[in-house]
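Subject: Structure handover

Hello,

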Amino acid sequence: MHVGALTLFPVKSLRGVPVREADVERHGLRGDRRWMVVDEHGETLTARRVPEMLAVTATPTPGGIVLSGEGLPSLTVLEPRGPATVAVALSRLGLATAGGEAADGWLTAALGRPARLVWLDDPSRRPVSPTHGGETGDPLSLADAGPLLLTTTASLRRLQMWVADEAQSRGEDAVSIGMERFRPNLVVDGDDLEPFAEDAWGRVRVGEVEYRFAEHCDRCVLTTIDPVTRAGGKEPLRTLAQHRRWDGKVWFGIRVIPVTAGRVAVGDEVVVTG
């Protein structure tokens with residue numbers, strides 16, 4: 001098995017950026033989900049509610065990010081140095097640092113609603129919840145529940161077969177389900193990889209970094225939004241409910257927590273160690 005793809009999400013819920021390599025820190029990939037967009041009340045804006053966010057890209061640049069989107073000039077935003085003074089409603093985080101008026105205005109124009117960009121100065125201020133597999137000292141970025149999301153190409157191929165079968169049984173055209181719908185950081189590939197083998201991985205070494213299993217990942221309505229057209233649909237949740245439903249939820253991928261730090265690159269060997 002090997003790393004087939006790596007993706008950074010510098011701003012929570014904006015479009016992902018494929019990378020060839022990345023530094024892994026205890027809270028996840030360096031530069032992943034250290035920013036997020038909130039409304040005028042500090043509530044987190046996500047692509048579940050605002051699909052227009054999927055049309056915006058935040059590309060890492062030294063010391064910050066570059067925001068880009070259709071019909072707008074690109075904007076470079078540097079990591080702020082001020083104190084965390086913006087009240088936010090994200091779990092286990094009361095305050096974040098303002099990204100600046102220029103970023104706020106740019107995002108408001110891009111999304112067509114009031115928006116503010118905020119920055120997490122220190123991931124150790126936001127621990128991984130024990131209900132999501134966290135242990136004492138596990139830091140977290142602005143991700144929903146875990147530092148990294150891992151999926152496999154074998155599982156996606158099996159899901160696509162199920163989606164095609166479901167469509168045929170209903171007399172419908174099958175929907176193509178790309179991995180980007182699931183927003184993983186790390187995609188594992190391999191000729192002998194069995195579908196959903198990752199469900200049983202307790203510990204895994206990717207390149208030089210060791211990870212431990214945190215939890216299976218339950219999937220939400222965001223996966224039903226086409227990341228290119230931003231049109232909604234029923235898949236893949238409809239088909240996952242037929243094959244991957246337990247505890248009242250549907251599941252695809254696993255969340256993992258780095259036990260060590262290091263570097264990971266596309267092509268690195270993946271070894272299950274427990």
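Strands β15 (residues 209–218) and β17 are paired in the antiparallel sense, with six bridges between them. Helices (H or I, at least four residues) and strands (E, at least two) are DSSP runs, numbered from the N terminus, and two strands pair if DSSP finds at least two bridges between them. In this pairing, I254 of β17 has H216 opposite.

This is a predicted model, in which local features need pLDDT of at least 70 and side-chain atom pairs count only at pLDDT 80 or more, while totals for chains, interfaces and linings use all residues. Residues are numbered from 1 along each chain as its sequence is written, and side-chain values use heavy atoms, with hydrogens and water left out.

β16 and β17 make a hairpin with two residues between them, and D247 in the turn has a positive phi of about 55°.

Of the 10 residues of β17 (residues 249–258), nine are buried, so the strand is largely enclosed by the rest of the structure. Buried here means under 20% relative accessible area, against over 50% for exposed and in between for partly exposed (1.4 Å probe, protein chains only).

Now the pockets. On a 1 Å grid over the protein atoms alone, a pocket is an open set of points with protein on both sides within 12 Å along at least five of seven lines, whereas in a cavity a 1.4 Å probe fits but cannot get out; lining residues have an atom within 4 Å of a point. Grid points are joined across faces, edges and corners, and a volume is the space filled by probe spheres set on the points.

The largest pocket has a volume of about 510 Å³. It is lined by 24 residues, and R48, D144, C217, R219 and R255 are the closest to its centre. β12 and β15 are the elements that give two or more residues to this lining, and β15 gives the most, with three. By class, the lining has eight nonpolar, six polar and 10 charged residues. Ala, Val, Leu, Ile, Met, Phe, Trp, Tyr, Cys and Pro count as nonpolar, Asp, Glu, Lys and Arg as charged, and the others, Gly among them, as polar.

The second largest pocket has a volume of about 340 Å³. Of its 17 lining residues, F9, G16, M179, E180 and R181 lie nearest the centre.

Regards
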